[in-house]
Amino acid sequence: MSAKRRFRHVIRIGPVQVATYYDGRGREKHTAACTAPRCGFSADYDSRAAAELAARTHRCPVR
C-alpha cells in the first residue's frame with residue numbers, strides 16, 4: 001500500500017517547486033522538484049532550508 005502525500009507550504013523558485021509533507025512515519029520532510037519537461041530533478045530533504053537551497057542552486061539542463 002503506497003502512502004498518499006499531502007503537500008503543504010508549496011512555493012516556486014524558478015522552475016523548481018518546494019513543498020513540505022509528512023512521510024509514512026509521521027516525520028516532516030521537504031522536497032524540491034523541477035517542473036521543466038524532461039529535467040527529472042527531485043530530491044527529499046530533512047530541512048526546509050536545504051530544499052530551498054537546492055531549488056535556488058539548481059541549474060536545469062533542459063532550459
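Reply: At 3% relative accessibility, Tyr-21 counts as buried, because buried means under 20% relative accessible area, exposed over 50% and partly exposed in between (1.4 Å probe, protein chains only). This is a predicted model, in which local features need pLDDT of at least 70, side-chain atom pairs count only at pLDDT 80 or more, and totals for chains, interfaces and linings use all residues. Residues are numbered from 1 along each chain as its sequence is written, and side-chain values use heavy atoms, with hydrogens and water left out.

Me: What makes Phe-7 partly exposed?
Reply: The relative accessible area of Phe-7 is 44%, which lies between the 20% and 50% limits, so the label is partly exposed.

Me: Why are Phe-7 and Tyr-21 called an edge-to-face aromatic pair?
Reply: The structure holds 1 aromatic pair. Phe-7 and Tyr-21 form that pair, at 5.7 Å centre to centre and 70 degrees between the planes. Rings of Phe, Tyr and Trp (its six-membered ring) pair if their centres lie within 6.5 Å; planes under 30 degrees apart count as stacked, over 60 as edge-to-face and the rest as tilted.

Me: What makes Arg-8 and Glu-28 a salt bridge?
Reply: Their closest N and O atoms are 2.5 Å apart. A salt bridge is a side-chain nitrogen of Lys or Arg within 4 Å of a carboxyl oxygen of Asp or Glu, so the pair qualifies. Arg-8 lies in strand β1 and Glu-28 in strand β3 (residues 28-34), so the bridge ties together parts 20 residues apart in sequence. Helices (H or I, at least four residues) and strands (E, at least two) are DSSP runs, numbered from the N terminus.

Me: How do you know whether Lys-29 and Asp-46 are buried or exposed?
Reply: Lys-29 has 19% relative accessibility and counts as buried, whereas Asp-46, with a relative accessible area of 61%, is exposed. These two residues also form a salt bridge, with the closest N and O atoms 2.6 Å apart.

Me: Why is Glu-52 called buried?
Reply: Its relative accessible area is 18%, so Glu-52 falls under the 20% limit. Glu-52 is in helix α1 (residues 48-57) and touches Ile-11, Ile-13 and Val-18, not counting residues up to four places away in sequence; contact means heavy atoms within 4.5 Å.

Me: Which residues are linked with Glu-52 in a network of salt bridges?
Reply: Arg-48 and Arg-56 are linked with Glu-52 in that network. The side chains of Arg-48 and Glu-52 meet at 3.0 Å, N to O.
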